[in-house]
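Please walk me through this structure. Start with a single residue, then widen the view to domains, chains and the contact between them.

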Amino acid sequence: MTSNQVPDTTAVAAGLDSHRARRRRRFSWARLFRASVPYLLLLPVAAVIGFVLGYPLYKLVTLSFQQYGLAELIQRKGTWIGLDNYESVLRDSIFWETLLRTVIFTAANVALTIVLGTLIALLLVRVSTWMRVLLTAGLVLVWSMPAVVAVQVFYWMTNFQNGVLSYVLAQLGFVGEQHDWYATSFSKLAMVTLLVVWGAIPFVTITVYAGLAQVPRELVEAAEIDGAGPFRVFWDVTFPILKPILLILTSLSIIWDFAVFTQAWLLISPSQIDATNYLMGVYVFVEGYAQSDFGRGAAISLLMVVMVATLSVIPVRRMARSDDV
Amino acid sequence: MAWNVVGLVVFAVMTFPVFWMISTALKPDEEIISGTPTWLSTRPTLDHFRDAIDPTLHPGFWDAVKNSLIVVGATVVLSIVLAFLAAVALAKYRFTGRKLFVVLMIGILMLPAAGLIIPLYVVLARYGLTNQDDPLPTGALAGVILTFMTFLLPFAVWTLRGFIMGVPKELEEAAMVDGSSRLGAFLRILLPLVAPGLVATSIFVFITAWNEYIFANVILSSQGNHTLTIWLSYFSGTSRNTDWGALMAASTLTAIPVVVFFLLVQRKIAFGLTAGSVKG
């Protein structure tokens, strides 16, 4: 991978450290204290995370091998049943259907978010200053909306009786008055997509716009003088410079959209949630927590955490590399 | 010129839901239930705001505000103090295990919340840190604050680290040459310069905790314990007789503190997650 091409600054720093260490002095308590300062500073954070996350993560693994329902929760003791939970999950067609649905949902959401977000960023470069200020302010406003608030507003806008979305589209002749936006599983998830993409565009647009500032003006002009059209300029000049930004935005979006919970759970509404419209986040929540089958839920959770962790390798590597100072 | 028109259309489409929320909240009921929408009422009213927080019509608003302020306030104060210490360690020291700690922090940022509900619930339930009772017992309070902190600490550490590294080393070194101790240089030079970053990070932690839904919903499951976000999620009831005006007023009230704070700090924080790639 590309990280091999970057000089490893940690190794360089380590070399300097060992050089310093060669000028060894006598052991002293003061020096021991100084060496332990960074660890003492990290200790509180490490303790909180270790206690509140480390133990549950360990628990997640052990629970997934146990029969653990409400009765076991009260007795505080599960029964070891080996791989039965995993077998039950992996043999369950609902699991595979949910996984496939979530992959398609994620692909659609990420593609829409990145493409629309990038297009709006390219638009920001072309509009006049006052329009740029207005549009940026609007995007930041959208970005700031809490998810639960956005759900309620979308719920009202797509309401069966007098939602404004039906009204506008009926005026334009696309749907009849009183269109039911939640009639099928597909339309339910399409509404969730609309909500998720709407909320995610500002972050993508503003980040890509910041990246566009790095595209040298002369390079674009030179390409234009050489007769390149706008698409050619984008593919050959702008895109290569944006590539690292788009890569991290895409991988972050994949992780976030794959694990979407709040928007799907609340917009479809808990009473309408069932196996025909599960996404992974919702599936884990319903089958594990809401039905109090914690052992089997833990098995699904663990599978999901492993999948997300695999997807996280790219962004984690990139962010950790940006730490090399 | 043509691009400006496109820009205006994009602006209108993107901000429409926010506009519609406020517009609905200010409309009299006849205009809300009418089949032909009124875009902006000529007879604006604050009745829906009054209804939304009326204890007999929609109980729980003030309790939820109180719960949110307690939970979010404690989360912010504790997270920032602890995260600042860790951020100093990362920004100012090289030590064995540093890289591992950084990777762990970023890894936790990526963990899916839905995947951790079950073990967190089982563990917190075992220690009595979840509760179905009113009023909010300290145990459940501690449970939810600790859970929020776990997911916000990595973010706060990562962001603060960036702010501390943004302060030129030479300033501190100059102070130390002038006879200041390391701690003195830290308190007199670094701290004032990092203060705006501390404020910005605190506000961002505040926003994220204020908006949190999934953990708060599971841990604070009885009505008297709800935070404002949870209160809002239960607001509507059945869709047939939803009081849309009050629902939009309640949504507006929940969003206001977040929007105001977000507008203040967005520029400072926005690029934390992608800093590495934007720098190139």
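**From one loop to the whole model**

B:Arg43 sits in the loop between helix 2 and helix 3 (47-52) of chain B. Helices (H or I, at least four residues) and strands (E, at least two) are DSSP runs, numbered from the N terminus. B:Arg43 is exposed, with 10 other C-beta atoms within 10 Å. A residue is buried if 20 or more other C-beta atoms lie within 10 Å of its own, exposed if 12 or fewer, and partly exposed in between; the C-beta atoms are placed from the backbone. In sequence, B:Arg43 and B:Lys27 are 16 residues apart; in space, they are 7.1 Å apart, C-alpha to C-alpha.

A word on the source. This is a predicted model, in which local features need pLDDT of at least 70, side-chain atom pairs count only at pLDDT 80 or more, and totals for chains, interfaces and linings use all residues. Residues are numbered from 1 along each chain as its sequence is written, while chains are lettered from A and ligands numbered from 1 in the order in which they are written.

Now take chain B as a whole. Chain B is divided into domain 1 (2-45) and domain 2 (61-279). Such bounds come from an automatic or database domain assignment. Seven residues of domain 1 of chain B are in contact with six residues of domain 2 of chain B. Two residues are in contact if their C-beta atoms, placed from the backbone, lie within 7 Å. On the domain 1 side, helix 1 and helix 2 (29-33) of chain B each supply at least two residues. Helix 1 of chain B gives the largest share of that side, four residues. By class, the domain 1 side has four nonpolar, one polar and two charged residues. Here Ala, Val, Leu, Ile, Met, Phe, Trp, Tyr, Cys and Pro count as nonpolar, Asp, Glu, Lys and Arg as charged, and the others, Gly among them, as polar.

Further along chain B is B:Val199, in helix 9 (residues 182-211). B:Val199 is partly exposed, with 14 other C-beta atoms within 10 Å. B:Ile80 is 119 residues away from B:Val199 along the chain, yet their C-alpha atoms are separated by 9.3 Å.

Turn to chain A. It has 15 helices and two strands. Its radius of gyration is 26 Å, well over the 20 Å that the globule rule gives for 325 residues, so chain A is more spread out than a compact globule. The radius is taken over C-alpha atoms, and the rule is 2.2 Å times the number of residues to the power 0.38. Along the principal axes, the C-alpha atoms of chain A fill a box of roughly 85 × 75 × 30 Å. Buried residues make up 41% of the 325 residues in chain A.

Chain A also has two domains, domain 1 (25-56) and domain 2 (85-321). Their C-alpha centres lie 39 Å apart. Helix 2 (residues 29-63) of chain A bends by about 45° at A:Val37, and a proline, A:Pro38, follows within four residues. The bend is the angle between axes fitted to the seven residues ending at a residue and the seven starting there. The buried residues of this helix include A:Pro38, A:Leu41, A:Leu42 and A:Val45.

Two serines in chain A stand out by their backbone. A:Ser269 is not a glycine, although its phi is positive, about 75°. A:Ser269 lies in the loop between helix 12 (262-268) and helix 13 (280-290) of chain A. A:Ser292 has a positive phi too, near 55°. The loop between helix 13 and helix 14 (294-311) of chain A holds A:Ser292. A:Ser292 is partly exposed, with 15 other C-beta atoms within 10 Å.

Finally, look inside. A nonpolar core is a set of buried Ala, Val, Leu, Ile, Met, Phe, Trp, Tyr and Cys residues joined through C-beta atoms within 7 Å. The largest such core has 169 residues, and those that touch the most other members include A:Leu267, B:Ala83 and B:Ile117. Helix 7 (residues 138-165) of chain B gives the largest share of this core, 16 residues. Not counting residues up to four places away in sequence, B:Ile117 touches A:Phe285, A:Tyr289, B:Ile214 and B:Val218.
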